[in-house]
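Please view the sequence and the structure together before reading on.

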Amino acid sequence: MNNLLANYERILEVLRKISTDTLLIYQRRRPKLFNLELISLVLTAEFMGIDSENHLFRNLPKALSCKIERSIYNRRKRRLSEQINSIRLKLAKEFNEFENCFIVDSMPLEVCKIARINRSKICKEHQYSAPNRGFCASQQMSFYGYKLHAVCSLNGVFQSIDISPASVHDIHFLKDIKSQLSDCVLLGDRGYLSQTIQIDLFNEANIRLETPKRSNQKEYKPQFYPFKKYRKRIETLFSQLCDQFMIRRNYAKTFEGFKTRILSKILTLTIIQSINRNQNRNINNLKINIT
């Protein structure tokens, strides 16, 4: 934990360059820890692989521990999910402003094991956001929870993300893409095969959806090899989220807490990419010393 304060200050420095606003909400009493500083602490914990708030506060430097209590930290962090996402979008815009080729894919996010479905109360506070059971074809497994849908650039920077219940088919995510992207090529796997969606995306937003065809389809042709190679970029990103950021390990009890954890991990990844770019390093080399 010796580097926690140094990492916190480095991430806060990056955040202040992105946002001049302290992101303060109206409060009767002025908090000792500004919202931007709290977000920096959240991202520092994610970067260092500290996924237990109790463990974080047991080892928090006195300069920070005197400014906020753990329960207040948790409540404020959940309220800041929209601000966390807005910072991520600003960073993504800097990276992807001139990109014209993106990759789309999804990954499973379990909230509990299937054996515990009947007695689990995790994320069930609202019917519209409740998890359910789904199937991941690439891993040949059933799971209970959500799906993370994501679009990233060829450089490996997340442009657009969404969370849906596990039973929602991947192709439904493409219906929202046309309001977020335009005039580009979108690479997907066979889960996004749909002639109707393909035509709709092209007509509405000039998005050319490229997916490999099944071998039993009419006029079958192997996919253009560079496209096949480019699609591995998002799979590598998902692996990094699982390995370094432990995105599939869940301690949240509410959907708002679950969503905030996912957004925090993805923003942390993007912050490291930004630091790498400023230091002329490979942006996807995530296991580094940022101080």
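The chain has eleven helices and six strands, where helices (H or I, at least four residues) and strands (E, at least two) are DSSP runs numbered from the N terminus. Its radius of gyration is 20 Å, close to the 19 Å that the globule rule gives for 291 residues, so the chain is as compact as a globular protein of that length; the radius is taken over C-alpha atoms, and the rule is 2.2 Å times the number of residues to the power 0.38. The model is predicted: local features need pLDDT of at least 70, side-chain atom pairs count only at pLDDT 80 or more, and totals for chains, interfaces and linings use all residues. Residues are numbered from 1 along each chain as its sequence is written, and side-chain values use heavy atoms, with hydrogens and water left out.

Of the 291 residues, 52% count as buried, meaning under 20% relative accessible area (1.4 Å probe, protein chains only). Among contacts (heavy atoms within 4.5 Å) between residues at least 6 apart in sequence, 65% join residues at least 24 apart.

Not counting residues up to four places away in sequence, Leu148 touches, among others, Asp105, Met107, Phe238 and Ile262.

How values were computed. Buried < 20%, exposed > 50% of the residue type's maximum accessible area, 1.4 Å probe, protein only.
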